[in-house]
Amino acid sequence: MILAAGRGERMRPLTDHLPKPLLKVSGDPLIVHLIRRLETAGIRDLVINHAHLGERIVEALGDGSRFGVRIRYSHEAGGGLETGGGIFHALSLITTDPFLVVNGDIWTDYPFDRLPPDLGEDLAHLVLVDNPPHHPDGDFVLEGARVRAKGDGRSTFSGIGLYARAIFSGCRPGKFPLAPLLRAAMEQDRVGGELYRGHWRDVGTTQRLEALDAELSRP
């Protein structure tokens with residue numbers, strides 16, 4: 001699942017007329033870079049959620065056939081359901097357990113085929129990265145292959161996660177964040193993870209978009 005329902009407030013005025021995942025770097029929309037990397041890893045059945053200007057995403061990507069994938073869409077009315085609510089809303093379209101979720105506003109060369117094939121007793125596997133300058137305090141702590149909510153040496157969540165359907169047990173339809181579910185699972189020692197030190201960018205501002213475009217455009 002690719003998360004593409006965000007409003008992109010910090011990217012305005014660009015996102016007043018175009019969803020953030022359709023903003024281009026190196027000639028292609030961010031979400032197309034992700035789709036191609038997922039297809040290369042053999043992940044070809046995709047669900048994309050959308051809210052703000054969502055019809056533009058559907059128009060741009062269609063059924064995914066020209067990228068070698070199959071895309072189904074999860075529309076979120078009323079401006080979106082946040083990350084947790086958006087994933088929960090799309091569960092009926094997701095056929096695997098566990099399943100991968102990727103933020104639609106990142107650029108990365110992470111090799112998705114290296115994710116674990118199953119989670120065992122865990123509820124999630126998170127890909128963490130070194131803290132970027134705009135997020136120096138990080139999100140979670142990686143201790144060996146376990147992810148903790150508290151502690152020293154925090155790393156940043158990359159927006160790439162593998163989830164068991166069971167992490168949403170007891171949830172109800174509506175708008176809610178994902179982070180509390182992850183922290184509850186961490187308290188049960190049921191979240192694994194890894195630290196990725198390859199290329200990763202969170203394209204959250206126009207400045208970071210321009211910097212990434214310039215970086216990718218260099219010969």
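Is Lys20 buried or exposed? I looked this up before anything else. Lys20 is buried, because its relative accessible area is 11% (buried means under 20% relative accessible area, exposed over 50%, partly exposed in between, with a 1.4 Å probe and protein chains only).

**Ground rules.** I noted that this is a predicted model, in which local features need pLDDT of at least 70 and side-chain atom pairs count only at pLDDT 80 or more, while totals for chains, interfaces and linings use all residues. Residues are numbered from 1 along each chain as its sequence is written, and side-chain values use heavy atoms, with hydrogens and water left out.

**Entry on Lys20.** I found Lys20 in the loop between strand E1 (2–3) and strand E2. Helices (H or I, at least four residues) and strands (E, at least two) are DSSP runs, numbered from the N terminus. The Lys20 side chain makes a polar contact with the side chain of Asp105, at 2.8 Å. A polar contact is a pair of N or O atoms within 3.5 Å; within protein, one must be able to donate a hydrogen and the other to accept it, and residues adjacent in sequence count only if both atoms are side-chain atoms.

**Entry on rings.** I listed five aromatic pairs in the structure. Rings of Phe, Tyr and Trp (its six-membered ring) pair if their centres lie within 6.5 Å; planes under 30 degrees apart count as stacked, over 60 as edge-to-face and the rest as tilted. Phe88 and Phe168 have ring centres 6.4 Å apart and planes at 35 degrees, so this pair is tilted. Phe88 sits in helix H3 (residues 82–90) and Phe168 in the loop between strand E11 (154–163) and helix H4 (179–187), 80 residues apart. Both Phe88 and Phe168 are buried.

I then took Tyr110 and Tyr196, whose ring centres are 5.0 Å apart with planes at 85 degrees, so the pair is edge-to-face. Tyr110 is in the loop between strand E7 (106–108) and strand E8 (124–129), and Tyr196 is in strand E12 (residues 191–196), so the pair ties together parts 86 residues apart in sequence. Tyr110 counts as buried at 0% relative accessibility, and Tyr196 counts as buried at 10%.

**Entry on backbone.** I saw that the peptide bond from Asp97 to Pro98 is cis, with omega near 10 degrees. Pro98 lies in the loop between H3 and strand E6 (99–103). Ser26 is not a glycine, yet its phi is positive, at about 50 degrees.

**Entry on cores.** I found that the largest nonpolar core has 58 residues, and that Phe112, Leu126, Tyr163 and Phe168 have the most contacts inside it. A nonpolar core is a set of buried Ala, Val, Leu, Ile, Met, Phe, Trp, Tyr and Cys residues joined through side-chain atoms within 4.5 Å. Another core, of seven residues, lies apart from it and includes Val25, Val203, Leu209 and Leu212.

**Entry on helix H5.** Which residues of H5 are buried? I found Thr206, Leu209 and Leu212. They cover an arc of only 125 degrees around the axis, which puts them on the same side of H5 (the arc is that of the directions from the helix axis to the C-beta atoms). An α-helix has 3.6 residues a turn, so residues three or four places apart point the same way. On the other side of H5, Gln207 and Glu210 are exposed. The buried residues of H5 pack against E2, helix H1 (30–40), E7 and strand E13 (200–202), where contact means heavy atoms within 4.5 Å.
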